[in-house]
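Subject: Structure handover

Hello,

Here is the structure I said I would pass on. Please open it first, then read my notes below.

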Amino acid sequence: MAKTSLDKSKIKILLLEGVHQSAVDNFLNAGYTNIEHLSTSLDEETLLEKVSDVHFIGIRSRTQLTQRVFDAAEKLVAVGCFCIGTNQVDLGAALTRGIPVFNAPYSNTRSVAELVLAEAIMLLRGIPEKSARAHQGGWLKTAKNSHEARGKTLGIVGYGNIGAQLSVLAESLGLDVIYYDVVTKLGMGNARQVGSLEELLARADVVSLHVPEVPSTKWMIGKEQIALMKQGGILINASRGSVVVIEELADALKSGKLLGAAIDVFPVEPKGNSEEFVSPLRGLENVILTPHIGGSTLEAQENIGVEVSEKLITYSDNGTTITSVNFPEVALPAHPDKHRLLHIHDNVPGVLSEINHVLSENDINISGQYLQTNEKVGYVVIDVDKAYGAQALEALKQVNHTLRLRVLYSETNFQE
Ligand SMILES: NC(=O)c1ccc[n+]([C@@H]2O[C@H](COP(=O)([O-])OP(=O)(O)OC[C@H]3O[C@@H](n4cnc5c(N)ncnc54)[C@H](O)[C@@H]3O)[C@@H](O)[C@H]2O)c1
Ligand SMILES: O=C(O)[C@H](O)COP(=O)(O)O
């Protein structure tokens with residue numbers, strides 16, 4: 001089960017879903033040349049085949065990294081989600097195999113916030129319907145159901161990076177902002193936190209959802225919640241498709257309870273641009289449907305490519321796990337002229353002392369040691385100042401509860 005690291009040219013990197021070229025350039029500049037760069041996601045069977053010899057995989061929101069995929073990915077060292085959401089990855093399965101998962105928690109925040117604000121304005125003016133009518137040769141010139149954004153109340157559900165960014169943009173336009181979050185958060189500007197989802201739904205003219213996909217947000221907005229919204233309210237969802245019961249939203253739009261909606265994410269999304277998009281929202285008036293492009297701007301994608309590839313390169317080169325979403329976080333100094341051992345193990349008592357015992361038995365002097373644990377896994381990084389034999393490595397792999405052993409030779413003495 002335990003593994004050692006390889007020469008860079010032998011490290012295989014698989015990038016899916018059109019991860020931006022900036023990531024490829026970054027890997028190449030760092031000396032990683034064995035890169036497969038695909039523009040689509042892969043179905044599970046193809047993915048199972050492909051991952052068997054891959055060391056690093058880069059995905060976006062579409063690729064599902066299940067326990068089955070991790071079982072097949074025997075050489076996988078780390079995962080990069082070139083997006084914000086990580087719900088498509090079985091984070092627990094990755095953790096117990098000693099695999100850190102990284103993402104880009106901020107890089108597309110602004111893109112989503114801008115889109116949502118634009119959609120709120122368009123929906124308040126009934127633009128989707130009026131535009132569609134004009135395309136068909138019609139002329140829907142009326143002020144009916146048309147409102148300024150100024151003075152309206154925007155209710156943000158989930159006041160994290162995107163929710164807070166949206167809040168600032170919305171206030172600058174004169175909207176009043178209220179928000180609901182499971183965590184108590186200080187509002188930006190004059191935005192005010194409310195005590196319950198129910199209160200937010202009852203007070204807001206426009207409700208925008210910015211929660212992650214977790215058990216507490218699954219089907220969070222259905223007919224009961226929509227019933228609490230104002231007559232003629234507007235709902236925007238650019239978070240995850242599992243947050244809104246889409247058929248019940250469609251009913252509320254058809255009945256006139258809601259005046260409009262903008263939906264970017266769906267319970268079932270096409271696997272690629274050539275697959276038909278099927279949804280009960282198709283054809284409804286004053287509904288903006290977008291193909292999960294909240295974060296799809298050139299600016300965001302380029303930044304994400306750089307950010308996540310840097311995290312993977314840093315982990316590969318020196319073991320740093322800072323900002324990993326599932327792994328003990330260790331910030332490590334460079335290790336010139338030192339050999340570095342990275343030992344990942346179940347977080348149970350006695351493992352560290354057993355590791356240190358092996359090192360002393362093999363006469364290996366420790367020049368630096370860094371340990372971090374989370375509830376399941378311990379990650380200890382040990383710098384040693386002289387080369388060691390295969391026997392010492394084997395003994396470290398045999399330490400009880402070892403999940404994985406990686407070896408990073410000093411840059412000045414790089415060898416397989
Ligand atoms: N449409 C897109 O292209 C796109 C792009 C980026 C992100 N997203 C989605 O948007 C989500 C939010 O992104 P973010 O960067 O703001 O995340 P974030 O983690 O910064 O913020 C999420 C917020 O939701 C809150 N929250 C969690 N559970 C909640 C609950 N049950 N009720 C109320 N609040 C709850 C959290 O406390 C946090 O403040 C991501 O998880 C991702 O799924 C979609
Ligand atoms: O989680 C995210 O960042 C968004 O859902 C965007 O995902 P994408 O990279 O697949 O567009």
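**What I found**

Among contacts in the chain with a separation of 6 or more, 66% join residues 24 or more positions apart. Two residues are in contact if their C-beta atoms, placed from the backbone, lie within 7 Å.

This is a predicted model: local features need pLDDT of at least 70, side-chain atom pairs count only at pLDDT 80 or more, and totals for chains, interfaces and linings use all residues. Residues are numbered from 1 along each chain as its sequence is written, while chains are lettered from A and ligands numbered from 1 in the order in which they are written.

**The whole chain**

The chain has 13 helices and 16 strands. These are DSSP runs, numbered from the N terminus: helices are H or I with at least four residues, strands are E with at least two. The C-alpha trace spans about 85 × 45 × 35 Å along its principal axes. Of the 416 residues, 41% count as buried. A residue is buried if 20 or more other C-beta atoms lie within 10 Å of its own, exposed if 12 or fewer, and partly exposed in between; the C-beta atoms are placed from the backbone.

**Domains and cores**

The assignment gives domain 1 (1-103 + 297-327), domain 2 (109-289) and domain 3 (328-415). Such bounds come from an automatic or database domain assignment. The C-alpha centres of domains 1 and 3 lie 23 Å apart. In the contact between them, 16 residues of domain 1 meet 23 residues of domain 3. That side of domain 1 has five nonpolar, nine polar and two charged residues. For these classes, Ala, Val, Leu, Ile, Met, Phe, Trp, Tyr, Cys and Pro are nonpolar, Asp, Glu, Lys and Arg are charged, and the others, Gly among them, are polar.

The largest nonpolar core has 61 residues, and Phe 56, Leu 76 and Phe 82 are among those that touch the most other members. Where does this core lie? It lies between domain 1 and domain 3, because both give residues to it. A second, separate core of 51 residues includes Val 112, Leu 124, Ile 178 and Leu 259. A nonpolar core is a set of buried Ala, Val, Leu, Ile, Met, Phe, Trp, Tyr and Cys residues joined through C-beta atoms within 7 Å.

**Strand S13**

S13 (residues 339-346) is mostly covered, with six of its eight residues buried. It runs antiparallel to S15 (residues 377-384), joined by eight bridges. There, His 345 has Gly 378 as its bridge partner. S13 also pairs with S16 (residues 402-408), antiparallel, over six bridges. Two strands pair if DSSP finds at least two bridges between them. In S16, Leu 408 stands opposite Arg 340.

**Ligands**

Ligand 1 is surrounded by 31 residues, and the closest are Gly 158, Gly 160, Ile 162, Pro 212 and Gly 294. A residue counts as near if its C-beta atom, placed from the backbone, lies within 6 Å of the molecule. Helix H7 gives the most to this shell, with three residues. The shell has 13 nonpolar, 14 polar and four charged residues. Around ligand 2, the residues include Arg 60, Cys 83, Asn 108 and His 292. That shell divides into two nonpolar, six polar and two charged.

Find Met 229 in the loop between helix H9 (223-228) and strand S10 (233-237). Met 229 is buried, with 23 other C-beta atoms within 10 Å.

Best wishes
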